[in-house]
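Hi everyone, thanks for coming. Today I'd like to walk you through one protein model, strand by strand. Please have a look at it on the screen.

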Amino acid sequence: MMNVKLEEINYKGFGNCLRISNEEVELYITLDMGPRIIRYSFIGGENEFCEDNPTTMNVFGEQWYLLGGHRLWHSPEENPRTYIPDNKEVKWTKSGNGVVLESEVEPWTQIKKEVEIILGDSGSNVKIIHRLTNKNAWDIQLAAWALTVMAPGGVEVIAQPKRNTGLLPNRVLALWPYSKMNDSRVYFGDKYIILKQDKDIKEAFKLGIPNEDGWAAYFNHNNMFIKKFKHNKIEQYPDFGVSYETYTNEFMTEMETLSPLTTLHPNEVLTHIERWELVKNVSFPGCNEEEIDKIVSREITY
């Protein structure tokens, strides 16, 4: 861990935070609430995550704040279960090239959240290990749901399934009641789905797919954020069987991965892993899928 540094700092309106950095990138983790990763950027660069998020709601007499950044939820989405406030302090401990963040057991749901962040000695590679522990006295079924709120002004690229299934269908598209197929922000290409964040459109849009390639990318600030995970073709997923979801409105875009639906016995743990990268000096090539192919073949490895 010689090149990875840890320090507690005060960051903007988020209070006490933990900064994890190497010589290329930095991550800020909120400690007064969470666990949340509120910043991921090149050193001295713009934050690739949204941190100006006005959404709040009242849950059991306590305010839940969307805030932005990266957070861990559990799916299927249901109110109030999904929105239990994460306003309490986070416990953290060093772990190799990173930290383990632990929250208190959620009241009412009796689920414990844990996020482990591992930063490489060099480069931008980050491994995020999400864990949900069932602290109930009975079995529960759920999926881990890892949501990254991206800064406004960017464009998201999602790989479509491309398995040759002969006469059978090879893809599913899940749409929410408020999503319009003719929304001007979304482009359905042959190989990719492209979603543009637009500050002038307040209406929300959300879709989900079984993301068999296990990656999506977000172009912003002349950088490319890559989010990777593992899709399991034989497991059952929430929301009509999708492992990847995205949501956009006037101030952000969310990139969301899901684990398979899992039955957890008391004290069993569900683990879901993401891998992140940042690439400099990569601009969105427009809805030209041949040019996107070139970037994908050059920058995305498994």
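Predicted model: local features only at pLDDT ≥ 70, side-chain atom pairs only at ≥ 80, totals over all residues.

Let's begin with strand 3, residues 25-30. Is this strand mostly covered or open? It is mostly covered, with 6 of its 6 residues buried. In a regular strand, side chains alternate between the two faces of the sheet. Here, Val-25, Leu-27 and Ile-29 are buried on one side, and Glu-26, Tyr-28 and Thr-30 are buried on the other.

Now for the partners. Strand 2 runs antiparallel to strand 3, joined by 5 bridges, and the two make a hairpin with 3 residues between them. Strand 4, also antiparallel to strand 3, is joined to it by 6 bridges. Glu-26 stands opposite Ser-21 and opposite Ser-41 in strand 4. In the hairpin of strands 3 and 4, Gly-34 has a positive phi near 125 degrees.

Next, follow an open sheet of 10 strands, in the order 8-9-10-11-23-19-18-13-16-15, with antiparallel pairing. Which strands are at the edges? They are strand 8 and strand 15, each pairing on one side only.

Last stop, the surface. Leu-173, Leu-175, Met-181 and Phe-188 form a nonpolar patch there, with about 330 Å² of accessible area together. Leu-175 belongs to strand 14 and is partly exposed, at 31% relative accessible area.

Notes. Residues numbered from 1 in each chain as written. Heavy atoms only, no water. Patch = residues over 30% accessible without salt bridge, like charges linked within 9 Å, V, L, I, M, F, W, Y side chains within 5 Å. Areas by Shrake-Rupley, 256 points an atom, 1.4 Å probe, with all protein chains shown as cover. Salt bridge = Lys/Arg side-chain N within 4 Å of Asp/Glu carboxyl O. Helix = DSSP H or I, 4+ residues; strand = E, 2+ residues; numbered from the N terminus. Buried < 20%, exposed > 50% of the residue type's maximum accessible area, 1.4 Å probe, protein only. Pairing = 2+ DSSP bridges.
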